[in-house]
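Reader: I am new to this structure. Could you take me through some of its local features?

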Amino acid sequence: APPKVFYYGDFLGGIADTFLFVACNHFLTTDIFLDIYHKNMDIITLRKKIYDQTVNRDYPDKTSVTYTKKITDLAKYYVTDKPEKLSFDDIKKYIHHQWKVAKKPANSINLMISAFKFFFNDLHRKNISFDLIEKPSKERRLVDPLTTKEIERLFEACNNLKIKSIIALVYGCGLEIGEVLGLKFSDINPK
């Protein structure tokens with residue numbers, strides 16, 4: 001007889017993963033289903049605990065959701081509902097896997113490390129030195145310089161002498177916006 005296929009999709013309000021159970025006659029039992037169900041309930045409980053802790057600390061909602069996802073992804077990777085019991089080497093291997101094998105971008109890896117710092121160091125007082133973990137540097141784009149014609153048009157369009165001076169300073173010195181905003185009058189040498 002062909003195997004019987006049972007589909008339990010998005011149960012528990014779409015929180016748990018989708019499951020496909022294939023049973024050959026008597027293979028599928030309620031014990032198997034309940035075992036998988038309880039493992040997912042543990043992950044759901046973990047998600048709620050992490051989310052509640054971030055909200056209690058007044059983290060922005062987007063940060064709470066992201067941290068919760070990063071930490072539960074770690075728990076799912078190691079098939080545990082107690083990720084706080086993972087070793088430093090386990091965390092390091094997971095980050096390395098996400099960076100080198102799964103090819104996650106630098107900002108995703110750095111966000112993951114921030115979530116782990118919160119979970120392990122702030123929440124569970126583990127005092128793990130995440131600075132020892134190799135991580136990617138942020139990718140910086142080089143900006144195309146303006147052409148001479150574009151610079152001339154920029155100055156022609158500006159009627160305010162103060163703004164023209166700022167533009168000349170920014171372009172002439174190659175300053176970034178943060179450097180310009182941090183300038184004080186005492187920083188300028190009129191000689």
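**Contacts in a predicted model**

Reader: In which helix is the place of Asn121?

Author: The model is a predicted one. Within it, Asn121 belongs to the helix that spans residues 106–123, helix α4.

Reader: Which backbone nitrogen does the side chain of Asn121 reach?

Author: Apart from neighbours within four places in sequence, Asn121 is in contact with Phe116, Lys126, Asn127, Ile128 and Phe130. At 2.7 Å, its side chain reaches the backbone nitrogen of Ile128.

Reader: How are α5 and α6 oriented to each other, roughly parallel or roughly antiparallel?

Author: Helix α5 covers residues 148–157 and helix α6 covers residues 161–173; their axes come within 10 Å and cross at roughly 160 degrees. Angles over 145 degrees count as roughly antiparallel. The two helices, α5 and α6, are therefore roughly antiparallel.

Reader: How many charged residues does the contact of α5 with α6 have?

Author: The crossing of α5 past α6 is right-handed. On the α5 side the contact is made by Ile151, Leu154 and Phe155, and on the α6 side by Lys164, Ile167, Ala168 and Tyr171. By class, this contact has 6 nonpolar residues, no polar ones, and a charged count of 1.

Reader: What separates Lys48 and Asp52 along helix α1?

Author: Lys48 forms a salt bridge with Asp52, with the closest N and O atoms 3.0 Å apart. The count of salt bridges comes to 2. Lys48 and Asp52 are 4 residues apart in helix α1 (residues 30–56), so the separation is about one helical turn.

Conventions. Residues numbered from 1 in each chain as written. Predicted model: local features only at pLDDT ≥ 70, side-chain atom pairs only at ≥ 80, totals over all residues. Heavy atoms only, no water. Axes fitted to C-alpha atoms, helices over the stretch in contact; angles between N-to-C directions. Parallel < 35°, antiparallel > 145°, perpendicular 65-115°, else oblique. Left-handed = near helix turned anticlockwise from the far one by under 90°. Contact = heavy atoms within 4.5 Å. Nonpolar A, V, L, I, M, F, W, Y, C, P; charged D, E, K, R; others polar. Polar contact = N/O pair within 3.5 Å; in protein donor to acceptor, adjacent residues only side chain to side chain. Salt bridge = Lys/Arg side-chain N within 4 Å of Asp/Glu carboxyl O.
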